[in-house]
Amino acid sequence: MKDLFTPYEMMDLNLKNRVVMPPMCQYSVTDKDGIATDWHYMHYVSRAIGGAGLIIIEMTDVEPDGRISDFDLGIWSDKQIPALARIVEGCHAYGAKVGIQIAHAGRKAEDAAVPVAPSAIPFDAESKTPRELTTAEVKAMIEKFRQGVARAVKAGVDVIELHGAHGYLIHQFHSPLTNHRTDEYGQDLTRFGREVIRAAKSEMPAGMPLILRISAKEYVEGGYGINESLEFSKAYKEAGADIFHVSTGGEGPIGVGPIATSEKPGSHAAYQVPLARAIKQSLDVPVIAVGRLDEPALADAVIGNGEADLVAVGRGMLRNPYWALEAAVQLNKEADIPKQYKFGFPRTKK
């Protein structure tokens, strides 16, 4: 029977366990140049020392105005490659594999003078109204994603994640709430995402998996649910997405704005797991479950029950860089505890 510490293999990606550190923005770029700092290096490498099988570097954007804030990571310049490569090398030294989330914030780019989006719909009453991308600009944006992926591959990552969730640009294109276009990218809401996937795959080694993070449910009146997300996920799978990282929400603020969230996301443990399970079973694809899975026994059960292939632990790893090692002890599983720390941990099977 599989468990949280069973190795995982997908194409050329081989993980020592099924514990994933999901992308979580640090807002810690110091010179607004999008280049990773010593903070980022220590942040990610400490989680590799702490036993995570896969570490996904935070939302890293394909152009300066594609960032949520000016303090986010970027991947629009070759100057940004060395600092990312240093992080990858550091994590590899401690047995973790590394992914990176390539993205564009679209209308949620807070520091852009004029954000861009599929349609000119602001995120909320306090946000800037974005400018609708022309068809030519949409095609140029796909090229920016391709170039960003090429730089990530040069940095040595093991897997690419495209951010199609939480109300950012790819999500904005496939949601009827935020895409009111009349051109080819409005007539087919998955076209932008599919073309970004194909562009990404064109730069990736044949054996490198592509992860797509999606919001499988929108918490807005008139927003899509699991039936619709199954349909667009099927299109994205056919375009080349290999693994789905299943989250929810992000399309609008709570209670205010042109697209107001009418219900709150779940606050109970594992509230998004049923959606991950539905994607996995319906499309026969590997999935990463995420969302309040910080308790080791619960995370282990998600794997053991076959509901997901990998489990992402976010807040738990922000609190504790050694979450995976602690989980192994609690579950009595083998773990590669660094020799320098062995006296601090009870004995495991190993």
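1. Helix α6 passes helix α7 in a right-handed crossing, where right-handed means that the near helix is turned clockwise from the far one by less than a right angle. Helices here are DSSP runs of H or I with at least four residues, numbered from the N terminus.

2. On the α6 side the contact (heavy atoms within 4.5 Å) is made by Gly 193, Arg 194, Ile 197 and Arg 198, and on the α7 side by Ala 235, Tyr 236 and Ala 239. These residues divide into four nonpolar, one polar and two charged, with Ala, Ile and Tyr counted as nonpolar, Arg as charged and Gly as polar.

3. This is a predicted model, in which local features need pLDDT of at least 70 and side-chain atom pairs count only at pLDDT 80 or more, while totals for chains, interfaces and linings use all residues. Residues are numbered from 1 along each chain as its sequence is written, and side-chain values use heavy atoms, leaving out hydrogens and water.

4. The structure holds zero disulfides, a disulfide being a pair of cysteine sulfur atoms within 2.5 Å. The sulfur of Cys 25 has its closest cysteine sulfur in Cys 91, 17 Å away, which is too far for a bond.

5. How accessible is Cys 91, buried or exposed? Cys 91 is buried, with a relative accessible area of 0%, whereas Cys 25 is partly exposed at 24%; buried means under 20%, exposed over 50% and partly exposed in between, for a 1.4 Å probe and protein chains only.

How values were computed. Helices (H or I, at least four residues) and strands (E, at least two) are DSSP runs, numbered from the N terminus.
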